[in-house]
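Hello,

Here is the structure we talked about. Please load it first; my notes follow below.

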Amino acid sequence: MTDASSQAPSAWTSSSQLHSSDRRITGAVRTLRAGPRVSVGDYAIETHGLTKAFGRQKAVDDVDLAVPRGTVFGFLGPNGSGKTTTIRMLLGLAAASSGEIRLLDGGMPKHARTVLPRVGALVEGPAIYPFLSGRANLQRFDAADRHTSPATRNARVDAALERVGLSHAATKRAHAYSLGMKQRLGIANALLAPRDLLILDEPTNGLDPQGTREVRHLIKSLSDDGTTIFVSSHLLAEVEQMCSMIAVMSAGRLVAQGTLDELRSGGTARVRVTTPDFADAHRVLSGLGLTPELHGRDDVITAELSVQGLLPESVNAALVRADVRVRGFEASGASLEDRFVALTGEGFDVAG
Ligand SMILES: Nc1ncnc2c1ncn2[C@@H]1O[C@H](COP(=O)(O)OP(=O)(O)OP(=O)(O)O)[C@@H](O)[C@H]1O
């Protein structure tokens with residue numbers, strides 16, 4: 001395992017930076033800025049060159065993940081981009097074709113016996129016995145773990161039910177649970193022992209808005225307790241609401257990782273000018289090297305700030321200098337949605 005301090009992902013990194021041999025998406029991501037140094041122990045998950053091939057298809061291709069401890073880290077990508085396969089390898093449920101994995105303080109799968117008891121996971125939906133109550137389900141799951149003591153089982157189960165807000169439904173059969181409650185029961189299972197890291201694969205998949213809110217709030221409160229949470233999703237809006245950092249997968253490749261703010265600031269800002277002097281404004285913007293866009297109105301004109309170093313205030317000043325009467329001036333950053341479409345190169349399921 002290489003020293004993580006040499007590759008701290010404190011700013012947006014792209015596969016073009018992580019894998020200098022692949023330049024396919026260079027244009028989509030900003031240059032990496034130097035960030036604070038991060039040492040090995042600061043990551044809850046770290047992979048290097050992680051690859052999984054099914055026959056000739058590389059479902060996961062040379063992925064370098066770096067998940068700082070204490071974050072809610074979104075693992076985002078369209079369906080089929082390799083998220084579940086990556087998670088299965090992280091947890092030792094599938095063997096990697098090549099590459100290295102470090103979870104908490106140990107290499108995987110070599111140190112699975114010491115590492116995995118500190119990792120809770122929800123992968124591909126919870127396996128629940130429908131005709132048992134929520135409490136009886138958890139008692140079975142707990143009994144299946146040979147590290148646990150039967151003497152303290154009831155206390156553990158009750159604490160986990162309490163933690164996910166299911167105490168009131170503990171005696172209800174699980175088939176009568178809503179999808180959100182079933183998902184929370186799955187998370188309660190992952191919480192039967194104290195965990196430093198939770199890995200959740202699409203925990204809100206198939207949930208209605210209420211169930212989604214429940215799971216989102218639960219993730220937030222678990223994070224407030226200091227647990228690192230790695231959560232996969234194909235929904236941008238979802239990840240945006242829950243996570244402070246994300247990694248983006250596309251066709252098996254990691255195309256970016258960093259904070260949401262860094263991703264936002266990586267896009268191209270825009271200006272929008274409302275003016276009765278439309279033709280003059282068009283001339284001024286063109287003179288600055290911009291490409292003005294029209295919107296079927298003769299008083300609104302917009303442009304991407306595609307010229308390096310050109311700030312919105314300089315555009316406004318140039319308009320005023322040219323006696324363009326500016327009725328409205330708006331500057332905005334690139335939308336996250338635009339950035340994701342640029343990164344994944346395909347239509348992205350933004351809202352669900
Ligand atoms: N056991 C397998 N055998 C062959 N191909 C597989 C296997 N598991 C996954 N794949 C393929 O690997 C690719 C990545 O799948 P994966 O399930 O990891 O993606 P994902 O991002 O989790 O998508 P989804 O959200 O749809 O599950 C897909 O093309 C999938 O068909």
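I start with the ligand site. Please keep in mind that this is a predicted model. The residues around the ligand are Phe54, Ala59, Gly77, Asn79, Gly80, Ser81, Gly82, Lys83, Thr84, Thr85 and His234. By class, eight of these are polar, two nonpolar and one charged. Helix α2 (residues 83-90) supplies the largest share of this shell, with three residues.

Next, strand β10. This strand spans residues 228-233, and six of its six residues are buried. Side chains in a regular strand alternate between the two faces of the sheet. In β10, Thr228, Phe230 and Ser232 point one way. Ile229, Val231 and Ser233 point the other way. Both sets are buried.

β10 has parallel partners. Strand β5 (residues 72-76) pairs with β10 over five bridges. Strand β9 (residues 197-201) also pairs with β10 in the parallel sense, over five bridges. Isoleucine 229 is the bridge partner of valine 72, and leucine 198 also stands opposite isoleucine 229. β9, helix α7 (residues 209-224) and β10 form a β-α-β unit, and the unit is right-handed.

Then there is an open sheet of four strands. Its order is β14-β15-β13-β16, with antiparallel pairing. β14 (293-294) and β16 (328-332) are the edge strands, each pairing on one side only. Inside the sheet, five bridges link β13 (residues 270-274) to β15 (residues 300-304). Arginine 270 sits opposite glutamate 304 of β15. Helix α10 (residues 278-287) packs on this sheet and touches β13 and β15. The direction of α10 makes about 10° with that of β15.

Best wishes

Notes. Residues numbered from 1 in each chain as written. Predicted model: local features only at pLDDT ≥ 70, side-chain atom pairs only at ≥ 80, totals over all residues. Near = placed C-beta within 6 Å. Helix = DSSP H or I, 4+ residues; strand = E, 2+ residues; numbered from the N terminus. Nonpolar A, V, L, I, M, F, W, Y, C, P; charged D, E, K, R; others polar. Pairing = 2+ DSSP bridges. Contact = placed C-beta atoms within 7 Å. Axes fitted to C-alpha atoms, helices over the stretch in contact; angles between N-to-C directions. Buried ≥ 20, exposed ≤ 12 C-beta atoms within 10 Å, placed from the backbone. Right-handed = clockwise from strand over helix to strand, strands pointing away.
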